[in-house]
Each structure stands twice: as C-alpha cells, then as structure tokens.
Amino acid sequence: MSGTPERVSTGLKALDHILSGGLIKQSAYLVRGGPGQGKTTLGLHFLAAADVQRSPLFIGFQEPEEQLRVNAESVGIDISNFRFLSLTPEEHFFTEQQSYDVFAAADVEQEPLAKSVMETVERAIPTHVFVDSMTQLRFLSADVYQYRKQVLSFLRYFRERGATILFTSELSAELPDEDLQFIADGVITLDTAPNGSFLQVSKFRGSNFLRGPHQMRVGNRGLEIFPRPLPPKANLGEDERWRWGTGIEKLDKILGGGLEAGTISLITGPSGTGKSTLASLFVAQAAAQGRKAAIYLFEEEIDALLHRASSLKINLKEPLSKNQISLEQVEPLRYLTDEFATLVSQEVEEEGVELVVLDSIAGFELTLGGDEESKRALHALAKSLSRRGASVLLVNEIEALTGQFRISGKGISYLSDNVIFLRFMEIEGALKKSLGVLKKRLSAFDTRMYSYEIGPTALLIGDPVGKQGWQGVLDGQQAVHP
C-alpha cells in the first residue's frame with residue numbers, strides 16, 4: 001500500500017480521532033474485553049457507519065438476531081439495513097438433544113459454517129463486517145495451529161472482497177487471545193479500572209494513534225469515548241495577550257495590570273478568605289468587556305454564589321441571563337475526568353468561552369475520582385485550554401488558617417503562571433485578611449502584601465501590610481510594631 005491509506009470510520013468520532021482518522025480500509029481489527037464491556041455495541045456503531053447503499057454484515061455466534069435488534073434500538077443505533085448471519089444454536093438443539101454441527105470439533109463439520117458465510121457474502125457484498133466473537137471458532141479446530149490457519153483464511157476471504165473487519169474475542173485466562181492479537185492489523189481493548197471503564201489501542205499497523213487509556217461509558221447512547229486530552233501547540237503570541245482585570249483599580253495595579261490572556265492562575269487560601277469572590281470579580285469584568293466566561297462549581301451551590309455576588313454588587317445575574325456567563329454545578333460522579341475535560345474544551349471551541357473557572361481543585365479531584373488520574377486530567381485540561389488561548393482560574397483551598405505558609409496542598413503550583421494568595425492574619429486577637437501575588441511569569445507585579453476586607457461592595461484593598469507595621473504574616477507570627 002502506497003501513499004495515504006484510505007480510512008473507514010468506526011462510527012464513533014472520538015475513536016476515529018484516537019485512530020488518527022479511523023480504521024484502514026480492508027484491514028482486520030480485534031476488539032477484546034470481558035462481558036459487558038461494550039464490544040458488541042462498538043461493532044454495531046461500526047456497521048451503522050457503512051454506506052446506506054451497502055449491507056453491512058453481522059456474523060454472530062452468541063446473541064440471536066432478535067435480541068441484537070432490541071439492544072441496538074435501546075441505544076439509538078439504526079440497524080435497518082444490516083444483514084445478520086446468526087450461527088447461534090436454535091432452541092431445538094436443547095429440546096431435541098441434537099448435536100450442533102457448526103460447533104463440532106472435526107474438520108469435516110466446518111463445511112456448514114463456510115457455506116453459510118460464503119452464501120451470505122455473495123448476496124450482500126459487504127464493505128463492513130463484524131464477527132462476534134472469533135473465539136467461538138476455536139471450538140471448530142483440533143489444535144492451535146489449525147485455529148490460526150482457519151482465522152487467517154477467514155479474514156483473508158473478506159479482505160479480498162473489499163471488506164474491513166472488526167472481530168471480538170473474550171478476555172479470560174481459560175481462552176487467551178494472543179494468537180488473534182498477532183493476526184490482527186490492530187488491537188483495541190475494552191476494560192475497567194478503579195476510575196471507570198476505558199478503551200486502549202495497543203496495536204495499529206500503518207498509522208499513528210493516541211496511546212494510553214481513554215475513558216469510556218456504555219449507556220443509553222451506546223458507547224461514548226473520551227480521548228485523553230493532549231495540549232496542542234500554543235496559538236497566542238505575546239502581542240495578542242490582553243489582560244483580565246477585576247474592575248478594582250488598586251487590585252489590578254497590584255497584579256501589574258491584570259492576568260494575561262491564555263495563562264493559568266491559582267487563587268489559593270483558607271476557607272472564608274474570599275477566593276470565590278475574587279474569581280467572580282474576574283468573571284464579571286470579563287462579561288462587562290463582552291467576553292464569555294464559564295464557572296464550574298464543585299462544592300458551592302449556584303444560588304449561593306449568585307446571592308453572595310449580588311450582595312457584594314458583583315454583576316453575574318445579568319450576563320448569565322444573556323449567556324455571556326455559563327454556570328454549572330458539577331455533581332459527584334456525574335462525569336468521568338476525561339469526559340469533563342471534553343465538555344469544557346467544547347465550551348471553549350464551540351461557544352467562544354475565553355475564561356474558565358474551576359472552583360475548587362479539591363472538589364474537582366473528589367467529584368471526578370479523587371486520585372492521581374484526576375490530577376493528570378487537571379494538568380492536561382488546564383494546559384489544553386491555555387494553549388487554545390483560554391485563561392484558567394483554579395480556586396484552591398488550604399486547610400491551615402494561620403501558621404506556616406503553604407501555596408497549595410495539592411502539588412499544583414508548578415502548573416500556574418500566576419499565583420494569588422489570600423491569608424488570615426491574627427492582629428490583637430482578631431482575624432484580618434491579607435493578599436499578595438507570589439508569582440507572575442509574564443510581567444512584573446507588586447511584591448508587597450496588602451490588607452483587604454470583603455464588603456460592603458466586593459473587595460476593599462487597604463494599605464500594604466508593612467506600612468501598617470505588621471510583620472511575620474506568612475509564618476503566622478504577626479506582631480504590630482509601633
């Protein structure tokens with residue numbers, strides 16, 4: 001085969017993306033996995049992608065045609081033009097205690113199978129063939145050598161007639177499928193992990209593909225796959241970076257004019273210091289400038305956020321009603337991590353969202369799995385959005401109210417281009433608040449810490465902490481010096 005190989009869609013846009021455009025025409029691919037992992041559903045999606053003028057062929061050794069039609073209808077897959085060749089035993093096999101020649105072990109009894117397949121193919125001339133499952137052919141062979149020879153001949157028969165083939169195997173210790181993996185042009189594995197089901201491509205002759213596990217779900221919409229997000233190349237030049245402001249002149253000045261577009265910013269501090277309020281200021285100012293923003297809440301209720309913003313004269317309700325702002329309450333375990341990343345990326349690419357707020361990181365990790373996989377997903381998501389030109393605000397809560405200063409307990413400060421920290425100070429037995437900018441990669445900023453208050457309107461920025469005679473704010477040993 002020379003030049004760029006012709007591609008055949010799997011019927012799933014996400015899987016085609018993982019396969020760099022789809023399957024290669026007139027090739028054979030193994031789909032392996034345990035019971036209930038979605039192998040048959042994937043096969044139905046593949047056949048449904050065939051040209052309506054051709055009759056895709058389903059060769060089944062397990063489920064009867066009637067059951068397959070019911071299953072396909074339940075997930076919205078149109079199989080009206082499918083041709084089925086069912087090689088499952090009829091009920092009289094049990095009632096009349098007859099032997100079933102298709103599954104006989106002797107070579108001489110393979111003829112009924114070959115004849116059925118050949119007759120069906122000559123009538124349908126299919127471009128798409130799905131065999132479920134190839135493991136059953138093992139029972140027709142006397143030994144492994146004969147089985148491999150039979151499978152190779154079976155697949156070659158379809159290839160020479162212009163068909164692309166998907167075939168399945170059962171994942172089990174009793175019936176290993178290494179021989180089928182060697183024979184196949186590609187291997188797609190469906191399996192489960194502690195954080196959910198996943199699809200992984202381990203072999204794909206003649207093409208690149210996205211490696212690693214990709215989360216998936218089998219549900220009432222069939223098989224849904226969520227490719228692992230890979231950050232693209234940056235698409236913003238330095239001259240294209242405007243700055244996000246808060247609308248509070250003194251605070252924006254502390255930030256060196258604001259946060260540069262296309263950067264990742266961390267707002268970190270203990271509970272009650274106003275992290276979400278500060279993030280809301282950036283969102284309201286973005287809307288006032290005609291730019292779109294999205295807030296994803298993992299802990300706080302939407303009504304509570306809107307009520308607090310309104311009480312502080314932060315305008316979120318009006319731009320929300322005009323679709324300049326989107327607000328979503330992310331419920332626990334509603335999304336897989338890569339599914340959520342796909343959702344946010346679509347908001348940026350299709351809806352024109354330029355500012356994304358994740359409130360908070362702890363909620364993100366807990367709601368979407370609470371393990372190292374969610375940290376990986378956060379890194380990939382933030383970098384992907386940043387390189388597409390969107391800006392990201394990460395709200396992070398640290399547990400300590402005072403004491404030794406910590407940027408984050410999550411080990412994510414490396415990810416951020418900008419770090420704004422909010423801090424409690426104990427002054428003469430009362431808790432006061434201070435803020436500072438710890439890091440800005442792209443511009444200068446005010447390195448001093450400032451006191452501030454929340455309310456009656458937004459944030460009221462006071463004088464620098466040092467000017468007021470307070471020292472030791474970061475280590476919790478504040479003292480007022482006359």
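This is a tour of a predicted model, going from its sheet to the helices on it and then to its aromatic side chains.

Nine strands make it up, in the order 5-4-6-7-3-8-9-10-11, with mixed pairing. From one strand to the next, the twist averages 20°.

Select residues 128–132 and 164–170. These are strand 6 and strand 7, which pair in the parallel sense over four bridges. To see one of the pairings, pick valine 129; its bridge partner in strand 7 is isoleucine 165.

**Helix 12**

Move to residues 337–351. Here helix 12 lies across strand 10 (214–219) and strand 11. Relative to strand 10, helix 12 runs at about 95°.

**Aromatic pairs**

The model has 13 aromatic pairs. Select tyrosine 29 and phenylalanine 204: their ring centres are 5.6 Å apart and their planes are at 45°, so this pair is tilted. Which parts does the pair tie together? Tyrosine 29 lies in strand 3 and phenylalanine 204 in strand 9 (residues 196–204), so the contact links parts that are 175 residues apart in sequence. Both tyrosine 29 and phenylalanine 204 are buried.

Are the two residues buried or exposed? Phenylalanine 204 has 6% relative accessibility and therefore counts as buried. Phenylalanine 209, at 11% relative accessibility, counts as buried too; the cut-off for buried is under 20%.

**An aromatic cluster**

Next, select Tyr296, Phe298, Tyr335, Phe340 and Phe364. Together they form one aromatic cluster.

**A charge over a ring**

For the last stop, select arginine 291 and tryptophan 242. Where does the charged end of arginine 291 sit? That end is over the ring of tryptophan 242, at 3.9 Å from the ring's centre.

Technical notes. Residues numbered from 1 in each chain as written. Predicted model: local features only at pLDDT ≥ 70, side-chain atom pairs only at ≥ 80, totals over all residues. Heavy atoms only, no water. Pairing = 2+ DSSP bridges. Helix = DSSP H or I, 4+ residues; strand = E, 2+ residues; numbered from the N terminus. Axes fitted to C-alpha atoms, helices over the stretch in contact; angles between N-to-C directions. Contact = heavy atoms within 4.5 Å. Phe/Tyr/Trp six-rings, centres within 6.5 Å; stacked < 30°, edge-to-face > 60°. Buried < 20%, exposed > 50% of the residue type's maximum accessible area, 1.4 Å probe, protein only. Lys NZ or Arg CZ within 6 Å of the ring centre and 35° of its normal.
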